[in-house]
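Here's a quick briefing on one model, sheet first, then charges, then the hole inside. Have the viewer open while you read.

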Amino acid sequence: MSLTPIRQTLIGLLSDGQFHSGEQLGEQLGISRAAVSKHMAALKGLGLDLFSLTGKGYRLACPLALYDQAQLQSAIPLAPVHVYNVIDSTNQYLLDRVASLRSGECCLAECQTAGRGRRGKPWVSPFGCQLLLSMYWRLEQGMAAAMGLSLAVGVAVVEALESLGYHGVELKWPNDLYYQGRKLAGILVEMSGSAGASCNLVIGIGLNLAMPEREGEKIDQAWAELRHIQPELLDRNLLAARIITSLQQAMARFEQSGLGDFVAGWNRLDHFAGRPVRLLMGEQEIRGIERGIDDRGALRLETAEGIKFYLGGELSLRRGD
């Protein structure tokens, strides 16, 4: 669904979280009340938590701080920042342009229409309710050096959240952020390159901020949002800038030292540390006690046969009960 200039203006007017009458909105936009109603229905289709009350008008369930490209670029001078209202996929936007990008270049969107998670699962992304971020990095050491990258990214994101006062966030091997046992964010790293050459990396992050209940019902697992940690959300421009800066710094460290610099940090944040888990490998299921990761990013699993190590790929980690 496209976001026309009128709909962009409507979102801007409603972003204060106050009631606005259909008549008042129509006058401001130069359209009829009936046309306002049709545009509101279209905005609901993007997942906006929008409702109306007879005699008062329309309002968003909570105020919405839209991304400000100039403010973000000023806070993140290392590389260009691209901001979109609606996009198919922030990862795909960068993947389609790798030949012309600089390391650290980012794409942010208010809403994705074709976002995807691990193993191609669709990513539910109602307008303005998540941090949808992708960052490009050229890894000169090649694809082999990217092993364990998603683990380093997870540490960088949690450390950025902690610096903003969001405590209690943990990591689930290999790609997720958890809060109180529920998924708060997902990480998707996509790469391209050839043997003996540099590697193009696109790091995608989807972080729940404040999800409307009806949109949350579309998610097929227990989920959390930043509003569960702190009811008053920070300005998303500040949040995005802090996470991007943390990612850029983490990638520079990863490029120099690999995953080793992040292992202790990851194990500190390990959601399943010391707990019984099930590791799914296709139809096979392995049970054991989770004992963190090693320097390669392999999961350490204490089984009846002793400690075993498992690298990513199509493996899926679950609770042991």
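Strand β5 (residues 130-139) runs antiparallel to β4, and four bridges join the two; helices (H or I, at least four residues) and strands (E, at least two) are DSSP runs, numbered from the N terminus. Cys106 has Met135 as its bridge partner in β5. Keep in mind that this is a predicted model, where local features need pLDDT of at least 70 and side-chain atom pairs count only at pLDDT 80 or more, while totals for chains, interfaces and linings use all residues. Residues are numbered from 1 along each chain as its sequence is written, and side-chain values use heavy atoms, with hydrogens and water left out.

**The sheet**

- Seven strands make an open sheet with mixed pairing, in the order β3-β4-β5-β9-β8-β7-β6; two strands count as paired if DSSP finds at least two bridges between them.
- β3 (81-87) and β6 are at the edges with a single partner strand each, so one side of each has no neighbour in the sheet.
- On average, neighbouring strands of this sheet are turned by 20° against each other, direction ignored (axes are lines fitted to C-alpha atoms, and angles run from 0 to 180 degrees between N-to-C directions).

- β6 and β7 pair antiparallel over four bridges, and a hairpin of three residues joins them.
- Glu170 has Tyr178 as its bridge partner in β7, and Tyr178 in turn has Lys183 as its partner in β8.
- β7 also pairs antiparallel with strand β8 (residues 182-193), again over four bridges.
- Two residues sit between β7 and β8 in their hairpin, and Gln180 in that turn has a positive phi of about 50°.
- Along β7 (residues 176-179), Asp176 and Tyr178 point one way and Leu177 and Tyr179 the other, yet all are buried (buried is under 20% relative accessible area, exposed over 50%, partly exposed in between, with a 1.4 Å probe and protein chains only).

**Salt bridges**

- The count comes to eleven salt bridges, each a side-chain nitrogen of Lys or Arg within 4 Å of a carboxyl oxygen of Asp or Glu.
- Glu110 and Arg236 meet at 2.6 Å, N to O; the pair links strand β4 (residues 106-112) with helix α9 (residues 236-257), 126 residues apart.
- Both partners are buried: Glu110 has a relative accessible area of 2%, and Arg236 comes in at 6%.
- Arg268 and Glu162 form another salt bridge, with the closest N and O atoms 3.1 Å apart. Arg268 is in helix α10 (residues 263-268) and Glu162 in helix α6, so the pair ties together parts 106 residues apart in sequence.
- Arg268 is exposed, at 51% relative accessible area.
- Lys183 and Asp176 form a salt bridge at 3.3 Å between the closest N and O atoms, and both residues are buried. Shared partners join Lys172, Asp176 and Lys183 into one network of salt bridges.

**The cavity**

- There is one cavity of 30 Å³ or more, meaning a set of points on a 1 Å grid over the protein atoms alone where a 1.4 Å probe fits but cannot get out.
- The largest cavity has a volume of about 30 Å³, taken as the space filled by probe spheres set on the points, which are joined across faces, edges and corners.
- Its lining residues (an atom within 4 Å of a point) include Ser150, Leu171, Lys172, Asp176 and Trp266.
- α6 (149-163) and β6 (169-172) are the elements giving two or more residues to that lining.

Definitions and conventions
On a 1 Å grid over the protein atoms alone, a cavity is a set of points where a 1.4 Å probe fits but cannot get out, and a pocket is an open set with protein on both sides within 12 Å along at least five of seven lines; lining residues have an atom within 4 Å of a point.
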